[in-house]
Amino acid sequence: MAMAALAGNFYQDFDIMFGDQHLNILEEGKLVTLSLDKVSGAGFQSKNGYIFGRFDVQMKMPPGNSAGTVTTFYLSSSGPNHDEIDLEFLGNSTGEPYTLHTNVYAQGQGSKEQQFHLWFDPTKDFHTYTVVWNSKRIIFLVDGSPIRVFNNLESLRLPFPKDQSMKIYATFWNADDWATQGGRVKTDWSHAPFSASYRNFNINACLGSQGSPSSSCSTSTNSSAWQNQGLNPAGRNRLRWLQRKFMVYDYCTDRPKFPKGLPRECKHSRV
């Protein structure tokens, strides 16, 4: 299986999903802006699917009163038993913090949300958001700092994304039925059009196709640092500190959501 090491260019690596009139390609394909109004949002997806890798993008969120809007960067396969790795940025009223919503689906099973308030204003400048996905774990990073680790616990018969290739997706859309303060704050269309920006996609991953076995990837990626990437002691300490300071929701503490008991992975180390 072939490796892909790409400094993403929109024209070469991505296709428009929807809202082509709300998508602008600038700087010879290196910068993409998505806009949202009452008519439509916009989105794009990678031409290729991938099995494991490191995926980086720089994003700048819509400023001001962005309540009700959702700006996303995620990986997903297709079908009812799909795998998915989510980063969704939930807008808020002016002066209130953005919420970074993370989730993992494995074989169609989700409900593994963790949410964070960022330690900077994501509307002022571009920041780097990263997913590292290998056979052992998924690591979510913000500007190089780990905020979440989702470990492979197949030894406990818990599903983990590893057998389906996933495409990269980026979307900007209205979700005011749930996105801001549980849907209590609606989108104020007097501020439209809203705008979100993406640049500097970097993809270091194995090219795959739907249903490709993960074992065929591992034989071709021995030189890739992400293949066995985990956290060293300093990284684990940074993760714990960021979660203690900035995590605002963890499904593993939400007992009302799971009246029959918390998911089994919650009993095991998540670093």
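Trainee: Where does leucine 156 lie?

Mentor: Some ground rules come with it. This is a predicted model, where local features need pLDDT of at least 70 and side-chain atom pairs count only at pLDDT 80 or more, while totals for chains, interfaces and linings use all residues. Residues are numbered from 1 along each chain as its sequence is written, and side-chain values use heavy atoms, with hydrogens and water left out. Strands are DSSP runs (E, at least two residues), numbered from the N terminus. Leucine 156 lies in the loop between strand 12 (145–151) and strand 13 (166–174).

Trainee: Is leucine 156 buried, partly exposed or exposed?

Mentor: Buried means under 20% relative accessible area, exposed means over 50%, and partly exposed is in between (1.4 Å probe, protein chains only). Leucine 156 has 27% relative accessibility, so it counts as partly exposed.

Trainee: Which residues does leucine 156 contact, leaving aside neighbours within four places in sequence?

Mentor: Contact means heavy atoms within 4.5 Å. With those neighbours set aside, leucine 156 touches Arg264 and His268.

Trainee: How many disulfides does a search of the whole structure find?

Mentor: A disulfide is a pair of cysteine sulfur atoms within 2.5 Å. The search finds 1. Cysteine 252 and cysteine 266 form it, with sulfur atoms 1.9 Å apart. The two cysteines are 14 residues apart, both in the segment after strand 15 (247–250).

Trainee: Why is the disulfide of cysteine 252 and cysteine 266 called left-handed?

Mentor: Look at the torsion about the S-S bond. For cysteine 252 and cysteine 266 it is about -75°, so the disulfide is left-handed. Cysteine 252 is buried at 7% relative accessibility. Cysteine 266 is buried too, at 18%.

Trainee: How do strand 8 and strand 9 run, parallel or antiparallel?

Mentor: Two strands pair if DSSP finds at least two bridges between them. Strand 8 (residues 99–105) and strand 9 (residues 114–117) run antiparallel, joined by 4 bridges. Histidine 101 has glutamine 115 in strand 9 as its bridge partner. Strand 9 also pairs with strand 15, in the antiparallel sense, over 3 bridges. There, phenylalanine 116 has methionine 247 as its partner.

Trainee: What joins the side chains of glutamate 113 and lysine 257?

Mentor: A polar contact is a pair of N or O atoms within 3.5 Å; within protein, one must be able to donate a hydrogen and the other to accept it, and residues adjacent in sequence count only if both atoms are side-chain atoms. The contact between these two side chains is 2.7 Å. Glutamate 113 sits in the loop between strand 8 and strand 9. Glutamate 113 is buried, at 13% relative accessibility.

Trainee: What kind of peptide bond joins alanine 192 and proline 193?

Mentor: A cis peptide bond, with omega about 0°. Proline 193 is in the loop between strand 13 and strand 14 (194–208).
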